[in-house]
Amino acid sequence: MKHLTLLEPIRKEGNYQFFMQWFADAWAASGGKTVRGIRAPWNLRLLIAKSRISRNFPLFTSSRKALLVPGAGYPDSFAWPFGYTNEIVPMLWDVWPRYWPRLISSLKRHHVQTLLCTSSQVCEYVAEKLPHIHAVHVPEGIDPTGYRDGGALEGRRTDILQIGRLMQPVHEAILQMRQEAPHLSYLYPEEPGRLVFPDFPSLCEGLASTKIVICYPRCRTHPEMAGDVETLTQRYWECMLSGTLIVGHAPKELVDLLGYNPVIELQTDGDIGNRLSQILDNIATYQELADKNLAAARENASWETRMTRLLPQLRQLGYMQ
């Protein structure tokens, strides 16, 4: 068995939410050891990734230990310089199709034996291209601390909310609804890249005060980046933990994990405004679904829950904490 130690994730300045750190915290809470990385400017790490100088030398690599390396896209900049003399086990987020050739190249250069990834489609792709690698799907999780149930839907002050990526046809339909019904309360990022909520407490309060949150996977809102990669994101867990009603489209990974669809599906080629108006006019009838989602999220959303399933898988592959 190889002792697996987690390399502390790299955090960009200004992020008040950090999914990699949540994963690292859950690893430590489960008894796993961590090691600090090397502080280096982000531009230098990007240069390292593009130059492909990060790699592994098997001759100098221990057969008794390995490093669990959280990262995004592909592991080069996150594993450097530890990858030279350590077997790395990448744990990856945001591996969009444009990164796939670089991912395969990086996995080869680092002689990766086991890959963890939040996207099931990426795992399938790696298993096809590099069948000797154990590609393990780890569904997206969250730290539920801070999120709270806002109570009955009909008593909440915000009618509709979109955070981050706008689903443009839905956004335009809601703006039209607001022209016809000025009392409609709708929050959204009014400029690209601008946050609706400036900090974590206001995000939690905003979600708990909202009736409907519009949620679509990135493959629907930004297909030029995500292609056909449909994957679960933390936004769904945030909504469910806040007891809000999710309208949009559920990633298959979420449906498979829960055993049911927690999202009210909204087709963008129909009468969007009329459909949303019907939901708002009958919001109390959806309370049972919101309550069911809240209970399901409390049981399934946390990274601690992921660890109870991941650790036995890692042991089967020859790794121990």
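Author: A residue is called buried when its relative accessible area is under 20%, exposed when that value is over 50%, and partly exposed in between. The model discussed here is a predicted one. Helix 10 covers residues 234–241, and with seven of its eight residues buried it is mostly covered. Just after this helix, Gly 243 adopts a positive phi of about 70°.

The largest nonpolar core has 78 residues, and Trp 237 is listed with Phe 23, Leu 68 and Leu 116 as touching the most other members. Helix 1, residues 19–29, gives this core its largest share, six residues. Phe 23 illustrates the contacts: setting aside neighbours within four places in sequence, Phe 23 is in contact with Leu 6, Leu 68, Pro 70, Met 91, Trp 93, Trp 303, Met 307 and Leu 310. Another core, of 24 residues, lies apart from the largest one and includes Val 170, Tyr 186, Leu 280 and Ala 290.

Beyond the neighbours within four places in sequence, Asn 293 is in contact with Met 240, Tyr 260 and Pro 262. Asn 293 belongs to helix 13, residues 287–300. Its relative accessibility is 0%, and Asn 293 therefore counts as buried. Asn 293 and Leu 258 stand 35 residues apart along the chain, while their C-alpha atoms are separated by 9.3 Å.

Five strands, in the order 8-7-9-10-11, make up an open sheet with parallel pairing. Its edges are strand 8 (186–187) and strand 11 (264–265), each of which pairs on one side only. Strand 10, residues 245–248, runs parallel to strand 11 and is joined to it by two bridges. Gly 248 has Glu 265 of strand 11 as its bridge partner.

Pro 189 is buried because its relative accessible area is 8%. The C-alpha atoms of Pro 189 and Ile 163 are 6.6 Å apart, although 26 residues separate the two along the chain. Apart from neighbours within four places in sequence, the contacts of Pro 189 are Gln 162, Gly 164, Leu 166, Arg 194 and Val 196. Arg 194 in turn forms a salt bridge with Glu 191, where the closest N and O atoms are 3.9 Å apart. Arg 194 has a relative accessible area of 47% and is therefore partly exposed.

The side chains of Arg 148 and Glu 205 meet at 2.4 Å, N to O. Because Arg 148 lies in the loop between strand 6 (134–137) and strand 7 (158–161) and Glu 205 in helix 7, the pair ties together parts that are 57 residues apart in sequence. Glu 205 is partly exposed, since its relative accessible area is 30%. The whole structure contains nine salt bridges by this search.

Note on methods: Residues are numbered from 1 along each chain as its sequence is written. This is a predicted model: local features need pLDDT of at least 70, side-chain atom pairs count only at pLDDT 80 or more; totals for chains, interfaces and linings use all residues. Side-chain values use heavy atoms; hydrogens and water are left out. A nonpolar core is a set of buried Ala, Val, Leu, Ile, Met, Phe, Trp, Tyr and Cys residues joined through side-chain atoms within 4.5 Å. Buried means under 20% relative accessible area, exposed over 50%, partly exposed in between (1.4 Å probe, protein chains only). Helices (H or I, at least four residues) and strands (E, at least two) are DSSP runs, numbered from the N terminus. Contact means heavy atoms within 4.5 Å. Two strands pair if DSSP finds at least two bridges between them. A salt bridge is a side-chain nitrogen of Lys or Arg within 4 Å of a carboxyl oxygen of Asp or Glu.
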